[in-house]
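Dear colleague,

Here is the structure I promised to hand over, together with some notes on what was found in it. Please keep it open beside you as you read.

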Amino acid sequence: MTAIPTIELNDGNAIPQLGFGVFQIPPEETERAVRLALEAGYRHIDTAEMYGNERGVGEAIRASGLDRADLYVTSKLNNGFHRPDDARRAFDDTLAALGFDYVDLFLIHWPLPTLYDGDYVSTWKTLEDFRSDGRARSIGVSNFQPEHLERLAAECDVTPAVNQIEAHPYFVNDEVRDYDRAHGIATQAWSPLAQGEVLDDPVITGIAERVGRTPAQVVLRWHIERGDIVFPKSTTPARIRENFELFDFRLEPDDVERIAALDKGEDGRIGPHPETFAYVPA
Ligand SMILES: NC(=O)c1ccc[n+]([C@@H]2O[C@H](COP(=O)([O-])OP(=O)(O)OC[C@H]3O[C@@H](n4cnc5c(N)ncnc54)[C@H](OP(=O)(O)O)[C@@H]3O)[C@@H](O)[C@H]2O)c1
């Protein structure tokens with residue numbers, strides 16, 4: 001089976017550079033999708049309380065018979081639970097839903113700077129406690145802009161191990177990636193395929209034809225060569241396997257640049273802007 005490279009985080013832990021994302025997989029389908037992913041060789045699963053499917057992730061892992069220590073599981077704090085007491089309860093609930101006594105990585109899902117009087121600092125300090133008590137092996141953030149990270153650097157003890165942000169060929173998000181790299185924070189690229197939107201682009205289909213790979217493999221390989229961590233989502237068995245086959249070919253440096261040049265800046269963003277996003281699930 002293909003060996004998946006790992007990235008060393010700033011806390012000394014290692015994370016597989018390729019994983020499997022479960023956003024928008026309905027709870028009743030999650031166990032099956034994650035089982036297929038584990039059979040294909042994925043050992044890193046990215047879920048969130050907001051996705052409502054942590055239970056299915058845990059069930060698939062237990063049913064696989066794989067050793068928990070060989071799996072890497074990430075979950076995230078939902079937007080309604082930023083106050084420290086709520087965050088503590090939510091984290092207990094995440095572990096209970098997964099059925100594990102620890103997660104490998106726990107993230108603040110969104111900074112929500114317009115809510116909670118702009119206080120994501122006390123939320124982050126609460127995650128520091130989860131790391132200290134060993135129930136989160138690593139802690140990080142998601143959708144944090146450089147100014148949010150600057151504030152954590154000024155007011156907190158622990159630097160986030162990762163920042164999980166939207167990034168794909170139509171929105172390369174280099175401003176945040178550059179900040180992350182300069183501060184020892186690993187970047188995780190969410191919606192790495194732009195939810196499929198980039199797969200018909202002629203630059204990408206042209207490169208795919210030339211290297212004898214699919215457009216999705218070319219785009220995922222591009223992320224890998226940029227050094228980011230990715231976890232494409234699919235519920236289609238053949239695509240789950242296809243997205244795993246990234247480590248027996250490379251792109252030319254020129255191809256990496258041509259794909260990066262597809263960037264549309266803010267027009268290419270498909271998700272909400274972290275500065276204004278203020279959604280709290282009911
Ligand atoms: N932190 C955050 O705020 C945040 C936000 C969004 C996502 N995420 C994470 O990032 C993960 C991935 O992002 P995403 O799920 O939004 O989008 P994505 O992985 O960029 O794209 C998923 C879409 O692409 C299709 N697809 C997958 N592989 C394909 C292939 N080989 N060929 C053609 N189409 C393919 C899937 O279809 P089928 O399923 O029908 O095959 C699905 O419609 C999520 O699952 C989640 O873990 C995090």
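Helices (H or I, at least four residues) and strands (E, at least two) are here taken as DSSP runs and are numbered from the N terminus. By that rule, Ser138 belongs to strand β7, which covers residues 136-142. Please bear in mind that this is a predicted model, in which local features need a pLDDT of at least 70 and side-chain atom pairs count only at pLDDT 80 or more, whereas totals for chains, interfaces and linings use all residues. Residues are numbered from 1 along each chain as its sequence is written, and side-chain values use heavy atoms, with hydrogens and water left out.

The ligand

I would begin with the ligand, which is surrounded by 28 residues, a residue being counted as near if one of its heavy atoms lies within 4 Å. The closest of these are Asp46, Ser191, Lys233, Ser234 and Thr236. By class, the shell divides into 12 nonpolar, 12 polar and 4 charged residues, where Ala, Val, Leu, Ile, Met, Phe, Trp, Tyr, Cys and Pro count as nonpolar, Asp, Glu, Lys and Arg as charged, and the others, Gly among them, as polar.

Several polar contacts (pairs of N or O atoms within 3.5 Å; within protein, one must be able to donate a hydrogen and the other to accept it, and residues adjacent in sequence count only if both atoms are side-chain atoms) can be described. A polar side-chain atom of Lys233 lies 2.7 Å from a ligand oxygen, and an N or O atom in the side chain of Ser191 is 2.8 Å from an oxygen atom of the ligand. With Thr235 it is a polar backbone atom that takes part, at 2.9 Å from an oxygen atom of the ligand. On its own the ligand has 900 Å² of accessible area, of which the protein covers 88%; such areas come from the Shrake-Rupley method with a 1.4 Å probe, and for residues only the protein chains shown count as cover.

Buried residues

Ser138 and Glu128 are 10 residues apart in sequence, and their C-alpha atoms are 9.1 Å apart in space.

Arg226 itself is placed in helix α8 (residues 215-226) and, at 14% relative accessibility, counts as buried.

Exposed residues

Gln24, in the loop between β3 (20-21) and α1 (27-40), has a positive phi of about 70° although it is not a glycine, and with a relative accessible area of 54% Gln24 is exposed. Gln195, found in the loop between β9 and α7, is not a glycine either, yet has a positive phi of about 55°; Gln195 is exposed, with a relative accessible area of 54%.

Lastly, Ala182 lies in helix α6 (residues 174-182) and is exposed at a relative accessible area of 61%. Ala182 and Pro237 are 55 residues apart in sequence and 38 Å apart in space, C-alpha to C-alpha.

Key:
Buried means under 20% relative accessible area, exposed over 50%, partly exposed in between (1.4 Å probe, protein chains only).
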